[in-house]
Amino acid sequence: MSAYLWKVTTKKQVGKLPAGASVEIVKNNTTGKPTQKEINEAYKTKYGVDGGSLSTSYYDIELCK
């Protein structure tokens, strides 16, 4: 079982999240990028605020090595 770490950072203000706010998301057994739902859950857990139903294009999403 492989785990992959993704870093997600807001490109500009998204709802109440300021530009540059970042979270890390671990995905198991897939190298697929995090979904909008997973991103919202991660921001909700870390900051208490989610990004709403915006597109993932509002975020920089990178696979950490």
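## Close-up views of a predicted model

**View 1. T9 in strand β1.** T9 is part of strand β1, which spans residues 3-10. This model is predicted. T9 has a relative accessible area of 16%, so T9 is buried, the cut-off being under 20%. Its contacts, leaving aside residues up to four places away in sequence, are G20, A21, S22, Y43, Y58, Y59 and D60.

**View 2. The three-stranded sheet.** Three strands form an open sheet in the order β2-β1-β3. The pairing is antiparallel. Strands β2 and β3 are the edges, each pairing on one side only. From one strand to the next, the twist averages 25 degrees. Strands of a sheet pair through backbone hydrogen bonds, either parallel or antiparallel. Here, five bridges join β1 and β3 in the antiparallel sense. W6 has L63 in β3 as its bridge partner.

**View 3. Helix α1 across the strands.** Helix α1 covers residues 36-47. The helix lies across β1, β2 and β3. Relative to β2, α1 runs at about 130 degrees. Strand β2 covers residues 22-28, and β3 covers residues 59-63.

**View 4. The largest nonpolar core.** Twelve residues make up this core: W6, V8, V14, L17, A21, V23, I25, I39, A42, Y43, Y59 and I61. At least two core residues come from each of β1, β2, α1 and β3. Helix α1 gives the largest share, three residues. In soluble globular proteins, nonpolar side chains tend to be buried together.

**View 5. Contacts of the core residue V23.** V23 belongs to the largest nonpolar core. Residues up to four places away in sequence are again left out here. V23 touches W6, K7 and V8, and also A42, Y43, K46 and Y47. Among these contacts, W6, V8, A42 and Y43 are listed in the core as well.

**View 6. The salt bridge between E38 and K27.** A search of the whole structure returns one salt bridge. E38 and K27 form a salt bridge, with their closest N and O atoms 3.3 Å apart. The pair links distant parts of the chain, eleven residues apart. E38 sits in helix α1, and K27 in strand β2. K27 counts as buried because its relative accessibility is 11%. E38 counts as partly exposed, at 27%. Side chains of opposite charge can pair when their charged atoms come close.

**View 7. Stacked rings of Y43 and Y47.** The whole structure holds two aromatic pairs. In one of them, the ring centres of Y43 and Y47 are 5.9 Å apart. Their planes meet at 20 degrees, so the pair is stacked, the cut-off being under 30 degrees. Both residues lie in helix α1. They are four residues apart, about one turn of the helix. Y43 is buried, at 0% relative accessibility. Y47 is partly exposed, with a relative accessible area of 37%.

**View 8. The ring cluster of Y43, Y47 and Y59.** Ring pairs join Y43, Y47 and Y59 into a cluster. Y43 and Y59 are also members of the largest nonpolar core. Both touch T9, and Y43 and Y47 both touch V23.

Terms used
Residues numbered from 1 in each chain as written. Predicted model: local features only at pLDDT ≥ 70, side-chain atom pairs only at ≥ 80, totals over all residues. Heavy atoms only, no water. Buried < 20%, exposed > 50% of the residue type's maximum accessible area, 1.4 Å probe, protein only. Contact = heavy atoms within 4.5 Å. Core = buried A, V, L, I, M, F, W, Y, C linked by side-chain atoms within 4.5 Å. Pairing = 2+ DSSP bridges. Axes fitted to C-alpha atoms, helices over the stretch in contact; angles between N-to-C directions. Salt bridge = Lys/Arg side-chain N within 4 Å of Asp/Glu carboxyl O. Phe/Tyr/Trp six-rings, centres within 6.5 Å; stacked < 30°, edge-to-face > 60°.
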